[in-house]
Amino acid sequence: MALKHARRGQIPPFIAMDVLRAANERAAAGADVLHLEVGQPSTPAPSRVLAAAQAALEREALGYTDALGLPALREAIAAHYRESHGVALDAERVVVTTGSSGAFLLGFLAAFDPGDRIAMVSPAYPAYRNILTALGLVPVELPVGAAERYQMTPDLLAREADTLAGVIVASPANPTGTMLAPEQLAALAGYCRNMGIRLVSDEIYHGIVYDKPAATALATSDEAIVVNSFSKYFSMTGWRLGWMVVPKDLLRTVECLAQNLYISPPSLSQHAALAAFACGDELDANVARYAENRAVLQAELPKAGLARFAPADGAFYLYADVSDLTKDSREFCQRMLRETGVACTPGMDFDPLRGHATLRLSFAGTRETIVEAARRLKSWKR
């Protein structure tokens, strides 16, 4: 008799990681690859973070920490909100997590019951949809485009509001890079409060912005679950460390879940991250390079036939409409990798219904990588 396979585990792959595997296989075979597919900085952790990690290796036992994280790190994160956003945050509400992925899992489990409906825009980060599905929750995808600047609005929520338990927003967003203005985020928070909808605000690309600062939901809501990470702006992707800010009424629930699911976040990463908030000059230099890379792609890709992008206010992505070039973005990206060595992610990851005509390009790499990728795409004979 065949053994059972749980339906909850039958979720789609994260296609960006499949593309990365194909790109790495190409590189292992001796061919060159220009990585524009994966959303991670090409820089290591800041020098002070590396020094703090080395010091911790020499002096700390590096055993389990509190499930909610090192008290000193929770205080540092609360101070970061005071200094960056003018928000007075009680460090008790800060929960250090195993990456932002761990934060989403804890937040969804603490706030929602199986069968609850959670709204999100489409296109969006695919793990929202897939984690919700694996937990027995129901993702409600609301298609957006240029008219909404690819972001959630109260009018969109109103179509489903009576059936919703929660909504996920991201600003800056993956894959589009678009942002909610402070008044827009405040309006969403107010609407959710009035309708009894739990707001989950993904703020992991805060710090990577170009023309205006990013707003935090904490400025207008004490009921929201706010998720952030050391992976993007702080350039600590592989250290698997994030955080969340939760309402006090959810804190004990989140703590019990964390104790049982993870015991504690990685100890070494937490000690190292204590130095991260003192690395602004080094990290802002990374953002300046991203801005230069963005400018290169925006200027050069139209010469390659890629001219329609979502407005990339932040993060390090361009989300391109390629409907005039292909109706199969996955095959298009496979052929691009095979014929040019440029790896990027098909839009099917982010928008199952319309992603066949879009793709995402990451400009988090070196300037040399971005310039060469643009040159190859301009000369690619499709």
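In helix 4, the residues G99, S100, G102, A103, F104, L106, G107, F108 and A110 are buried, meaning under 20% relative accessible area with a 1.4 Å probe and protein chains only. Helices here are DSSP runs of H or I with at least four residues, strands are runs of E with at least two, and both are numbered from the N terminus. The 13 residues of helix 4 (residues 99–111) should span 18 Å at 1.5 Å a residue, and the end C-alpha atoms, 19 Å apart, agree with this; the expected span is 1.5 Å times one less than the number of residues.

The model is predicted, with local features needing pLDDT of at least 70 and side-chain atom pairs counting only at pLDDT 80 or more, while totals for chains, interfaces and linings use all residues. Residues are numbered from 1 along each chain as its sequence is written, and side-chain values use heavy atoms, leaving out hydrogens and water.

Turning to helix 12, its buried residues are T369, I370, A373, A374, R376 and L377. These cover an arc of only 165° around the axis, so they lie on the same side of helix 12; the arc is taken from the directions from the helix axis to the C-beta atoms. Their packing partners are strand 1 (34–35), helix 10, helix 11 (329–340), strand 11 (342–343) and strand 13 (358–362), where contact means heavy atoms within 4.5 Å.

On the helix 10 side, R289, E292, N293, V296, L297 and E300 meet R367, I370, V371, A374 and K378 of helix 12.

Note on methods: Buried means under 20% relative accessible area, exposed over 50%, partly exposed in between (1.4 Å probe, protein chains only).
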